[in-house]
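Below is a walk through two interfaces, one inside a chain and one between chains.

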There are 2 protein chains.
Amino acid sequence: MKIVLIGAGNLATNLGKALKKAGHDILQVYSRTATSAEALAAILDCPATTDLTTIDNRADVYILSIKDKALRDVIAELTHSLTSSGGDLTEKVFLHTAGSMPMDVFKDKAPHYGVFYPMQTFSKAREVDFSIIPTFIEWNDETAHTRLAALAQSISRCVYPLSTADRKYLHLSAVWACNFVNHCYDIAAGILAAHHLPFDVMLPLIDETARKVHALSPHDAQTGPAVRYDENVIAAQSALLADDPELRQLYELLSKSIHRHA
Amino acid sequence: MKIVLIGAGNLATNLGKALKKAGHDILQVYSRTATSAEALAAILDCPATTDLTTIDNRADVYILSIKDKALRDVIAELTHSLTSSGGDLTEKVFLHTAGSMPMDVFKDKAPHYGVFYPMQTFSKAREVDFSIIPTFIEWNDETAHTRLAALAQSISRCVYPLSTADRKYLHLSAVWACNFVNHCYDIAAGILAAHHLPFDVMLPLIDETARKVHALSPHDAQTGPAVRYDENVIAAQSALLADDPELRQLYELLSKSIHRHA
């Protein structure tokens, strides 16, 4: 398929690489910032633009991977610009990749549209194996479905249909299981650094904590002072955080929450 | 070495198996509860007891893996009982395995003592590879050091000396990197279950989140709405948790904390 990527962030970069590898033809990369657009365009060996009025109108699929709050404006500008330059919207499918944005953000702007949500944490510096990424798709009609399903299955072996309503909760779960988890790692790293202890000693523990929930439910996998309700340890550890009231509050709320769910 | 295990919980179970595998002679298992003592004793093929006055007085090393708040009382009872039954404390080394308890908990109770802290999350149902567990040791004299170091190195390739003062912070970091992380998994599981979505779809994300911090610092690895400060998503996700004020408060505090550290 001929594809234009709108956005050149972490997700667009990893998705662009996977699409190119799968044999799709990336016509162009758009980003608000020239350096991002050019960096991804160089990787994908295609032109870059920072101007939505110059978007290539020959693509089969336009994939928008941009900040949620910019999505509505960019869709309006993009479809307007394609129509103005003689593009036929009835031949195109428009997709966004946002976990928390409804599919209907495209409504009345384009005839065929959908959502392509690959649930993973993407960093530009890190290549991921797209084939095992659970990818959740939603579509408004058969034209969108056919093209979206083919596109998704060309890069992932794990493609599932999911409604806007359920995707919101999936995305919320992903924030807990990834972003908040990573922040806990970051807090641990900060405590260790303050005491000149290397973060690397945490890795076997981090790995086992992740591996464990392949075999046990997180509820059954829980260990440590909070689930044992070892008040001495909880009070002593909370006191160690006395110089950072925000962190101390988080420590106490998380400990209470673990105990309440135990 | 001839070893008596005081405690039969998650850590004692995994440690006992590793010690037996390394060729040590487990003389006896003590636990306050008969079923725990007998279950571990059966695995280790040794006698069980629930009575500290019947502890075998022939061991070289006594390892206490019990709740922190019980530690002082059990040490007092144990050493008293060993002396009463004719055991010579000068020939024995006493160890505990608690991250947050000082080594000095043994002071004036026994001549040779130390701490053996294997930093890992242990569940009885799950066997772990002890050889890669970072194990932190502390000792009060050369007798304790010699025996403790030999014991630790017989089961782990990663043995480091660590003071009581630093171990407290290491343990606190471990609570963040493991127990709080696992609680975030558990919260994700709860949200998914409420919407009839399987937890298994989270595993590739959980695995990549853990793998990422082998290559990037947690700070550089962060992604998601909070670090982008995507206020629309944060507000919408917070609203999804409106029926659980505790969870909502945690969501907002964690999001703010990520943004503040970004």
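A polar contact is a pair of N or O atoms within 3.5 Å; within protein, one must be able to donate a hydrogen and the other to accept it, and residues adjacent in sequence count only if both atoms are side-chain atoms. The model is predicted, so local features need pLDDT of at least 70 and side-chain atom pairs count only at pLDDT 80 or more, while totals for chains, interfaces and linings use all residues. Residues are numbered from 1 along each chain as its sequence is written, chains are lettered from A and ligands numbered from 1 in the order in which they are written, and side-chain values use heavy atoms, leaving out hydrogens and water.

Chain A is divided into domain 1 (2-162) and domain 2 (168-261), with bounds from an automatic or database domain assignment. Between these two domains of chain A the rule finds one residue pair in polar contact (both at pLDDT 80 or more). Salt bridges there number zero, the criterion being a side-chain nitrogen of Lys or Arg within 4 Å of a carboxyl oxygen of Asp or Glu. The C-alpha centres of the two domains of chain A are 36 Å apart.
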